[in-house]
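Trainee: Could you take one part of this model, the aromatic rings, and go through it closely? I would like to see where they sit and what lies around them.

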Amino acid sequence: MDLGISGKWALVCAASKGLGKGCAVALVREGVNVVITARGEEALKATAAELKAINRASAVRTVAGDITTPEGRAAALAACPQVDILVNNAGGPPAGDFREWTRDTWIAALDANMLTPIELIKATVDGMAERGFGRILNITSAAVKAPYESLGLSNGARTGLTGFIAGIARQPKLASRNVTINNLLPGPFDTERLRANTATVAQRGGKTFDEVWEQRRESNPTKRFGDPAEFGAMCAFLASAHAGYINGQNILLDGGAYPGTF
Ligand code: NAP
């Protein structure tokens, strides 16, 4: 299927690794020009080289910086001639006990996982509406539907973003101009973050990494973890010309782990 987005420009935040990279790969395969960001320059350059090798016709630009800061966002936006597709992503907040979190801990989580996407939407959405095409995908988490006990910062910040998105996605001045805003909710995907998190859980529980990894894998109905390429494929479809009638939705990609009927 031709997704009809060749030549569009996408800003894919936090995309040198993992799910963000999966999205960038899938978009570049479709001929989309991308600006990818991450803090670490080395991995970012390596990913850019991979993307260029996938499709020489796509422009690939890199911006090294922290997307959760005003400077990081300004640099990312400046590198993109126009943002037709925005993929909001950033690292997730740490696990822990809410009794130990201060106001500053909360502000950092809200900045990264709620206010940064809102700021980037604010900077891009009206231009999308003027041009009559826009696709915004926010990478949130399965925790929005079923909270993880130790990830209160993530549960709270991402659910706040989800409520905000539910309201603005339905604004007629955006939706009637072919601008859609949807959230992608990953369950367990095999990325560096999941591996680092598994190592922490194993250490705290006095288990080996392999024990915890296998237990997690077995607990999913599919008996496997998600592949970032699968995540990217969904991102590219929702960014496509064909997905203009899918708006304000929360798309769960978790192998069926969430046990609800709906
Ligand atoms: P990952 O493999 O660790 O990759 C994270 C990417 O984001 C890296 O490229 C990293 O590069 C970049 N990044 C992190 N913080 C950034 C910042 N402040 N500014 C710019 N770039 C930043 O993580 P992932 O598994 O893809 O996770 C992506 C998001 O999905 C996270 O919010 C995570 O909590 C959420 N999530 C993941 C899963 C899962 O199973 N993987 C499940 C639910 C939710 P640098 O470190 O160099 O900046």
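Mentor: Start in helix α8, residues 209–219. F209 and W213 are 4 residues apart there, so about one helical turn separates them. Helices here are DSSP runs of H or I with at least four residues, strands are E runs of at least two, and both are numbered from the N terminus. The model is predicted: local features need pLDDT of at least 70, side-chain atom pairs count only at pLDDT 80 or more, and totals for chains, interfaces and linings use all residues. Residues are numbered from 1 along each chain as its sequence is written, and side-chain values use heavy atoms, without hydrogens and water.

How exposed are these two? F209 is partly exposed, at 26% relative accessible area. W213 is buried, at 9%. Buried means under 20%, exposed means over 50%, and partly exposed is in between, with a 1.4 Å probe and protein chains only.

Now the ring pairs. Rings of Phe, Tyr and Trp (its six-membered ring) pair if their centres lie within 6.5 Å; planes under 30 degrees apart are stacked, over 60 edge-to-face, and the rest tilted. That rule gives 4 aromatic pairs. Take F189 and F231: their centres are 5.4 Å apart and their planes stand at 80°, so this pair is edge-to-face. F189 sits in the loop between β6 (179–186) and α7 (192–205), while F231 is in helix α9 (residues 228–238), so the pair ties together parts 42 residues apart in sequence. Both F189 and F231 are buried. F209 and W213 are a stacked pair, with 5.4 Å between centres and 20° between planes. Ring pairs also bring in F225, making a cluster of F209, W213 and F225.

Next, charges over rings. The test: NZ of Lys or CZ of Arg within 6 Å of the ring centre and within 35 degrees of the ring normal. R195 lies over the face of W213, 4.3 Å from the ring centre. K8 lies over the face of F133, at 4.2 Å from the ring centre.
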